[in-house]
Amino acid sequence: MTVPPRRRVALGAALVATLMAAGCGGSGSDDGTITLDLGLFGTFGFEEAGLYDEYMEMHPEIRIEEESVERSADYYRALQTRLAAGSGLADIQGIEIGFVADVAANHADAFVDFAARDNADEILGHYYDWKVEGATTSDGRVVGLGTDAGPEAMCFRRDLFEQAGLPTDRAELAQRWSTWEGYLELGRQYEASPTKPEGSAFLDSPASVFSAAVYQGQTAYDDEDGNPIPESSDGVATAWQHASTAAGEDMTANLIQFGDEWNSAFANGAFATISCPAWMLGYITGQAGDEGEGLWDVAPLPGGAGNWGGSWLGVTESSEHKEEAIALVEWLTAPEQQVRMFTEEQHFPSSQQAAEDPAVATATSDYFSGAPVGQIFAESAAALRFTPIGPYDTQIQEAFTNALSTVAEGTGPDDAFQAALDEIEQVVGG
């Protein structure tokens, strides 16, 4: 039997709403095949890595259809509406790190509890503990299985460092910027160098420092119950101190991350460093192009381990083919497939077993000057610990990073910090 092809469509917000109203759950057909729908965002990479085709070859009774919304914010607004309505859900829904706390706190009943499965030890035991904890409710339900993760490092331009007279040896840099204070001191040296490339800054944005450092505290934006505590968090206080120093001392290009100018800056040398989750390697490669090969390098993140990004796959309780959907999610997220997602799509595993596989652990990158990327990111992932997250983390972080841009433009750090807190209060309701 020939399996009908899957479909993958980048959907706009209006089309998302139309599909939401119509419903997009899996279905059966007259020839006995079962269609499993995946509602995702961005590029999860399963199709690109050939995993859907392989699974359908192994299971000819299954047809996989993926619908992907380009922007995760558009995707989640539509998903929240579907969850509230109790209809229109796909068999499998992607859950991004910025949304998982809301799902766990407010919508867990809509998703299969993987902790209650007979093989829970097998399907959860290969993950890093912090990955499982991120999708675990207060009463122990696990609403999704992890796909990728975003352990962080620091990417830097070797050529710009050389021109400014800074060291380029990864081991030396790791030692000199083992703390954020050391990183900022190197930034001062870069900015003061008479041979620094004209028009370049030490880092892309104060957000690079803040977004990485905030999760190195005991708390980031929330307490253990998921309640926002930005004004008293040790992670926020320390991250603000370092990021506002970088902004106030003109070490940053003050670019808006993911904006057009920021994208162009990867190729034109507008900045020399950027905090760099594993997935950023592919982003840099795409933006800098072939001309960037050998100019970039990777070293460990200042201040210790950090994580930016990562997702889960959840199976909806409303699925007409729940057991088949569970089996697909378990297979897509198994260690063997996570290894392939790294080697073929550069998505770093959230599975510790996969990260310790030689294909990941010994991986190097020719584009990034031969950097031992598998080792660097695996060490970061292994050192991570779970930091409480809440449903407003994305908005809180945006308020702080926007305020840091005003510091770079001359606003005093204390005034900018208070402005961020005022904005956050409006978002979270005081």
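## Domains

Domain bounds here come from an automatic or database domain assignment. For this predicted model, the assignment gives domain 1 as 34–150 + 309–362 and domain 2 as 151–307 + 364–428.

The C-alpha centres of domain 1 and domain 2 are 28 Å apart. At the boundary, 18 residues of domain 1 are in contact with 21 residues of domain 2. The size of an interface is often given as the accessible area lost when the parts come together. Between domain 1 and domain 2, about 1600 Å² is buried, 66% of it on carbon and sulfur atoms. On the domain 1 side, Trp130, Gly150 and Phe348 lose the most area to domain 2, together 37% of what that side buries.

## Helices 12 and 13

Helix 12 covers residues 260–268 and helix 13 covers residues 280–288; their axes come within 8 Å and cross at roughly 80 degrees. Because angles of 65 to 115 degrees count as roughly perpendicular, helix 12 is roughly perpendicular to helix 13.

Trp262, Asn263, Phe266 and Ala267 of helix 12 make the contact with Met280, Tyr283, Ile284, Gln287 and Ala288 of helix 13. By class, this contact has seven nonpolar, two polar and no charged residues.

## Helices 19 and 20

The axes of helix 19 (residues 393–408) and helix 20 (residues 413–428) cross at roughly 155 degrees and come within 9 Å. That angle makes helix 19 roughly antiparallel to helix 20. Their crossing is right-handed.

In helix 19, the residues in contact are Gln395, Ile396, Ala399, Phe400, Ala403, Thr406 and Val407; they meet Pro413, Ala416, Phe417, Ala420, Leu421, Glu423, Ile424 and Val427 in helix 20. This contact has twelve nonpolar, two polar and one charged residues.

Methods. Residues are numbered from 1 along each chain as its sequence is written. This is a predicted model: local features need pLDDT of at least 70, side-chain atom pairs count only at pLDDT 80 or more; totals for chains, interfaces and linings use all residues. Side-chain values use heavy atoms; hydrogens and water are left out. Axes are lines fitted to C-alpha atoms, for helices over the stretch in contact, and angles run from 0 to 180 degrees between N-to-C directions. Helices (H or I, at least four residues) and strands (E, at least two) are DSSP runs, numbered from the N terminus. Angles under 35 degrees count as roughly parallel, over 145 as roughly antiparallel, 65 to 115 as roughly perpendicular and the rest as oblique. A crossing is left-handed if the near helix is turned anticlockwise from the far one by less than a right angle, and right-handed if clockwise. Contact means heavy atoms within 4.5 Å. Ala, Val, Leu, Ile, Met, Phe, Trp, Tyr, Cys and Pro count as nonpolar, Asp, Glu, Lys and Arg as charged, and the others, Gly among them, as polar. Buried area is the accessible area (1.4 Å probe) that two parts lose on being put together, summed over both.
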